[in-house]
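Visitor: I have a structure open and want a quick walk through it. Can we start with the sheet?

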Amino acid sequence: TTRLLDDVRLRLRDGRADFRFLTPTATMRDHLTNSLAREGLVVRTSAVNTLAGFMQESAPGIHIATPEDLRFLTARALHQLRPPALESLRTSPGLANAFSAAMDELASAGCDPGQWAALGSLRVWDGDLLAAFGTVYECVEEMLRAQGLTRRSGLLAEAALHIANEGVPGIRDVFIDGFFTFSPFELNLLEALARRTRLHVALPEWTGAREAVDRLRRAGLRLERLSPCRPQPASLFCPAANSAREAEEIALRILEGRGEGLAWRDFGIILRGREPYVPLLQTTLARFGIPCRSYFATPLLQHSATRCLAGLLDACLLGWEHDQTLTALSEPACRASSTRSFPAFLRAVREGLPGDGLDNLLRFAPPDLRPLLETLAAWPGADGVLRPPADWAAAMAGLIPLLHPPSPGEAETPRGPALRAFLECARKTAHLLGSEPVTLGHFHTEFAPLLQAAALRDLGRRRDAVHLLDAFEARQWELPVVFVCGLNEGAFPRRPAPDPILSGALRLRLRSQGVPVTLPSEREQEEKFVFQLAQSRATRAIHYTWPELNANGDPLLRSFALDLIPAPAAPARRIIVRPAAAVPPLPPASLDDHHIHDHLKEKFAVHRTTALESFLQCPFQFYLRSTAELQSEPDSPSGRLNPLFTGLVLHEALKNWHQGGGPMEQVFDSVWTRALARQRIPRGHAAEFQRSVLRRSLTQYARTPRHDPGWKTFVEQPFEIALTACRIRGRIDRYDLSETGQARVYDFKFSSDASLRVREKKQEDGLSLQGGLYLLALQHQGHSPVSFHYVGLKNEVSERGWDDPADVEAMMEGARVAAETAAFRILQGDIRVDPQNRDACQWCEFADACRVQTIEAAEIAEAAG
Ligand code: SF4
């Protein structure tokens, strides 16, 4: 690269236009153009180009099929042919992708459908799957011809022919750089260029390029071996506990380098793929105030505007199913989501789920939302008639008024390009479908895969930013400091996935017949070579980073490729974020006003047991739940199948069985059916699973219900007791009374034995009041409480409890004191964020409101000094 660029610089300084510098990708082309421009050289746009751009110049009028076109046509061919051998796989989304990739590889190796069939008759391949593949391949080639499209290999062949016949007028030198190796069609083009121009090709020295070098030498090119002229960078290994820490360590090291005088653009982070690191690095670097530019394309459906439009389309096809429609309308890019009344509308519709139809939705709509919903009602997609595909494509633009108009200063956001790409996908779908009228559903079947596959490149124009680079793209870059990240075994260098169509053995047989497909061993070599290239991009320092644990906390192996690199290790440091300025401590949170105290006295004259337990866990949780009475978003119909629902069914079934008797299965079935209908929960796999677990557990309980002779059983009995600071109301699941007035209390839980142990611990820590208050209530009624037991009813029947008289006494006294204290503190207006069990915060619905994570971070910072 250095040598070719020196030649190019000379030509640019002389103002010459008789050369072309060609790269494999547009990103590399842009990088090179910008680098030369930064050196003060004037670069004509045509002088530096991609090989594809140059081919289209050389063979004008030929339209190349994009990978999305090829996938689309493959899916269509599969749909039309419906090969019996593929019937069970036909709807699998990966089938069209796998077929499309295999066809493209065969086409690049010069094996067309005719040759594939001939290879079948030579028994190079056999079986129904590969025969079906051949039929689909032939059908796709016919469709390409009908659409006037060609594969890249076809364009290369046309361009080679054109250059061989006509030459390249006005061009003396062609420089080719950035490739690992060349396919047979690319080599044909280079041979044609070598005959008509002075051709200069830079190739890295590795086994995969040997064949290409030999052919180019035979075409008359002189071989010149160049030795590396870069200084050796310092290497460092940085293992981190997990990928979040890994990203933070990278950010920290960039800030340290910046402190030493480096510009942001002097840093590059090389990755093997977009996922999972690009989003993580982008947010981490932004958090540290580090500008960055990603050279990875972002999936089109990651933009809120396109997600909204695609979601509305799905909702329309589902008859404006309310949940789907709300999801689309809730997108930040949608005008509906920012109307004042949207939250109330959302709540009202969610409570009524399931539901469908725009008319039903309009009934809930407040005045500021009506016009938007009326726009949807007037949209042509809603009428369900057949239309030409071009009309459907044009109708997509009719949804755009539902989006926020771009605000001033929004020119930099990707909204405009994303919408253009969305409409382009619709236009392309219409083009591929032809003119025959179709339903919106049919149009959508073809449109959705195109949308899924579409991606947008980052249009950021920031010059001084840290670069996030793909390992393949990095081959033309040279940066002072490089981070190579995600270095886990199998991830980077990547372990090639098995090919479902062209297996390793089939590839060997194809190669022996002269079809130059890639062998698995060559893929592995290429992966190792990509890693070596990433290693060679730094001039000053290179950091190798990897996580040691995955998201589940399981250990990960570091890449074996690192074993060959001698480097010291500096494990990732723990980052503690301190505020830039001292923040004065907040006054203790309380509702310190006598009017409020009066109100609290009135409101909490009577407490529920569970509410007091909520206070003991955290005063702020009690305040939001019981004083401010905040409510969570209503659950979706399937979300209503939650622990609250199963608990209610369990208690109702037990009550009915104890009071009415009969077979437990019948009692449970009738309770379950009524509860499901009352909550409008859809029947499906999740509901059926829950039903069978509950039924089995209850049936087991009914077999051994523990009835002692002479004892009477009472279930779901309400109680009220008066304490000094308040009264407490509740309901006891079950208690048994002996003839002498002894009372045993049982509390039913839909829990396993392990969960009962957690409850036991909670009771011992004084955070549970139920047992003590139930016993106290029975004592107030004149009975003699002798025991309290939790009864777990999940898969098996388990019991945990207390029956020692001293324990029972301590439980009652402990519960009384804790309840009195809690009631007193509630009346004093105590609303501190003070969770007694931090682990329980993960199930608390107010975790985002109380900012407990900030408190934890501050505690860690304080402990660290
Ligand atoms: S998440 Fe924890 S700290 Fe926050 S309100 Fe809930 S219980 Fe309290």
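**The sheet and beyond**

Guide: This is a predicted model. The open sheet has six strands in the order 7-14-13-8-12-9, and the pairing is parallel.

Visitor: Which strands stand at the edges?

Guide: Strand 7 (234–240) and strand 9 (292–294). Each has a single partner strand, so one side of each has no neighbour in the sheet.

Visitor: What does the twist average?

Guide: The twist averages 20° from one strand to the next.

Visitor: Back to strand 7. How many bridges pair strand 7 with strand 14?

Guide: Seven bridges, in the parallel sense, with strand 14 covering residues 538–547. For a reference point, Ser-235 stands opposite Ile-542 in strand 14.

Visitor: New topic: helices. At what angle do helix 30 and helix 31 pack?

Guide: About 100°, with the axes 8 Å apart. Helix 30 is residues 770–780 and helix 31 is residues 805–827. Angles of 65 to 115 degrees count as roughly perpendicular, so that is the label for helix 30 and helix 31.

Visitor: Which residues of helix 30 and helix 31 meet?

Guide: From helix 30, Gly-771, Gly-772, Leu-773, Leu-775, Leu-776 and Gln-779. From helix 31, Val-808, Met-811, Met-812, Ala-815, Arg-816 and Ala-819. The contact divides into eight nonpolar residues, three polar and one charged.

Visitor: What about phi of Glu-629?

Guide: Phi of Glu-629 is positive, about 55°, although the residue is not a glycine. Glu-629 is in the loop between helix 25 (619–627) and helix 26 (643–660).

Visitor: And phi of Asn-795?

Guide: Near 70°, also a positive value in a residue other than glycine. Asn-795 is in the loop between strand 19 (784–794) and strand 20 (796–802).

Visitor: How does the accessibility of Glu-629 and Asn-795 count?

Guide: Glu-629 is partly exposed, at 49% relative accessibility. Asn-795 is partly exposed too, at 37%.

Visitor: Last one: how many helices and strands does the chain have?

Guide: 33 helices and 20 strands. The C-alpha trace spans about 110 × 65 × 55 Å along its principal axes. Of the 865 residues, 46% are buried.

Note on methods:
Residues are numbered from 1 along each chain as its sequence is written. This is a predicted model: local features need pLDDT of at least 70, side-chain atom pairs count only at pLDDT 80 or more; totals for chains, interfaces and linings use all residues. Side-chain values use heavy atoms; hydrogens and water are left out. Axes are lines fitted to C-alpha atoms, for helices over the stretch in contact, and angles run from 0 to 180 degrees between N-to-C directions. Helices (H or I, at least four residues) and strands (E, at least two) are DSSP runs, numbered from the N terminus. Angles under 35 degrees count as roughly parallel, over 145 as roughly antiparallel, 65 to 115 as roughly perpendicular and the rest as oblique. Contact means heavy atoms within 4.5 Å. Ala, Val, Leu, Ile, Met, Phe, Trp, Tyr, Cys and Pro count as nonpolar, Asp, Glu, Lys and Arg as charged, and the others, Gly among them, as polar. Two strands pair if DSSP finds at least two bridges between them. Buried means under 20% relative accessible area, exposed over 50%, partly exposed in between (1.4 Å probe, protein chains only).
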